[in-house]
Amino acid sequence: MRRGSLLQLVAIGILIGGAVSAVALLIPWLPPSAGKERDRIDFVFWFTTGICIAIFAVVAAVTVYSVLKFRARPDDDSDGPPIHGHTGLEVVWTAVPAVLVTAIAIVSAVVLSRNDSFPKDHLTVDVTAQQFTWSFKYPGQGNVTSTLLRLPLHKSVKLNLHSLDVIHSFYVPEFGQKQDAVPGITTHLKITPTKLGSFPVICTELCGLGHALMRSQAIVMQPAAFEQWAKESKKGISGPGAGKAVFDNNGCGGCHLFTPAGSKGTVGPDLDKLPADAKQAGKPLEAFTRESIVKPEAYIQPGYPPNVMPKTFGTLPKSQLDALVQFLIQSGKKGAK
Ligand code: CUA
């Protein structure tokens, strides 16, 4: 090959490599990382993408060069020269990919094992998915529950994922991993947040009509603020005012109007009218209230569609459930007077 031709070939390769690199680097394909595991995944991603871009540039440069240089002229009807392979070339294009694929496998295996190993002092969060909500329980913090995933900064967290109905999938793009929540088994995911802030929790498994709305927030807090929140929530769900704390933590007010809690939701039945509704259903107030929380499909208030109230609340610890029921009926009795 003459020197001029080689320079042309290299120039085409650099041009193509540069264009493809620009597409890879200049477009923000994902939001910025906010987790240690995501950083490792990004490393594997860019390691592999870099290799792909280099190979693509070489192959595309040779193709473009050949099309330009060796295409048949309009008046050329002759056969091409007979060529019988090239052992050297074949060894190169077998050996180089073998080395690259092995390198990718090793890097991926190291990242996978690191992202799956939990340090001894990790925080545990039980995640319950169901059509169409997420709820989070903290067994190490006195079974405090929340509809928001609160996490302390720089602490490794082990999520234990459960589903009460169909398959859902937990995904926070900033944390870089997805994990399915499957009925009947417990799956796990490790997160180590590296940035303060609020990030979307998204369901990424088509799970029914409300799939697109099955969202929550992951809130990364300073460790001291997290401890404070956990302590106050724990106090809230055990002392006086426990019922209101459970009501607030579980987002009841998002759907229900209830004057004692100061909530104005209109999606579900008006809870100020609980005593009247119990009478209409022909059940005692307390039993009716408990059943409506634990088994919402047992009785559907006329005028409201079924399958809207989450069935998650049956998993509330008994003490919290009792407090919530008492809060709802005590205030209801007062409201009826
Ligand atoms: Cu749950 Cu989609």
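This is a short tour of the structure, one selection at a time.

Before you click, know that this is a predicted model, in which local features need pLDDT of at least 70, side-chain atom pairs count only at pLDDT 80 or more, and totals for chains, interfaces and linings use all residues. Residues are numbered from 1 along each chain as its sequence is written, and side-chain values use heavy atoms, with hydrogens and water left out.

**Stop 1: two helix pairs**

Two packed helices are described by the angle between their axes and the distance between the axes. Helices here are DSSP runs of H or I with at least four residues, strands are runs of E with at least two, and both are numbered from the N terminus. The axes are lines fitted to C-alpha atoms, for helices over the stretch in contact, and angles run from 0 to 180 degrees between N-to-C directions.

Select residues 36-70 (helix 2) and 87-115 (helix 3): their axes are 9 Å apart, and the angle is about 170°. That makes helix 2 roughly antiparallel to helix 3. As for the labels, under 35 degrees counts as roughly parallel, over 145 as roughly antiparallel, 65 to 115 as roughly perpendicular, and the rest as oblique.

Now show the side chains where they meet. Helix 2 brings residues including F43, V44, F47 and I51, while helix 3 brings, among them, L100, I104, V107 and V111. Contact means heavy atoms within 4.5 Å. Sorted by class, the contact of helix 2 with helix 3 has 11 nonpolar, three polar and three charged residues. For these classes, Ala, Val, Leu, Ile, Met, Phe, Trp, Tyr, Cys and Pro are nonpolar, Asp, Glu, Lys and Arg are charged, and the others, Gly among them, are polar.

Next, pick helix 6 (274-281) and helix 7 (285-294), whose axes come within 9 Å and cross at roughly 95°. Helix 6 and helix 7 are therefore roughly perpendicular to each other. From helix 6, L274, P275, D277, A278 and A281 meet L285, F288 and T289 of helix 7. The contact of helix 6 with helix 7 counts six nonpolar residues, one polar and one charged.

**Stop 2**

In soluble globular proteins, nonpolar side chains tend to be buried together. Buried means under 20% relative accessible area, exposed means over 50%, and partly exposed is in between (1.4 Å probe, protein chains only).

Zoom in on F175: beyond its neighbours within four places in sequence, its contacts include R38, L151, I191, F199 and V220.

**Stop 3**

Select S169 in strand 6 (residues 168-172). Is S169 buried or exposed? At 2% relative accessibility, S169 is buried. Its side chain makes a polar contact with the side chain of D180 (3.1 Å). A polar contact is a pair of N or O atoms within 3.5 Å; within protein, one must be able to donate a hydrogen and the other to accept it, and residues adjacent in sequence count only if both atoms are side-chain atoms.

Then go to H188 in strand 8 (residues 187-191). H188 is partly exposed, with a relative accessible area of 36%, and its side chain makes a polar contact with that of N160 (2.7 Å). Leaving out residues up to four places away in sequence, H188 touches F118, K158, L159, N160, L161 and Q179.

**Stop 3: the loops**

Most residues other than glycine have a negative phi, and most peptide bonds are trans. Look at F132, in the loop between strand 1 (123-130) and strand 2 (133-138): the peptide bond from Q131 to F132 is cis, with omega near 0°.

Move on to the loop between strand 2 and strand 3 (144-146), where N143 sits. N143 is not a glycine, yet its phi is positive, about 60°. N143 is partly exposed, at 29% relative accessible area. G142 is found in that loop between strand 2 and strand 3 too, and it touches K234 and I237, not counting residues up to four places away in sequence.

Finish at N307, in the loop between helix 7 and helix 8 (318-336). N307 has a positive phi of about 60° although it is not a glycine.
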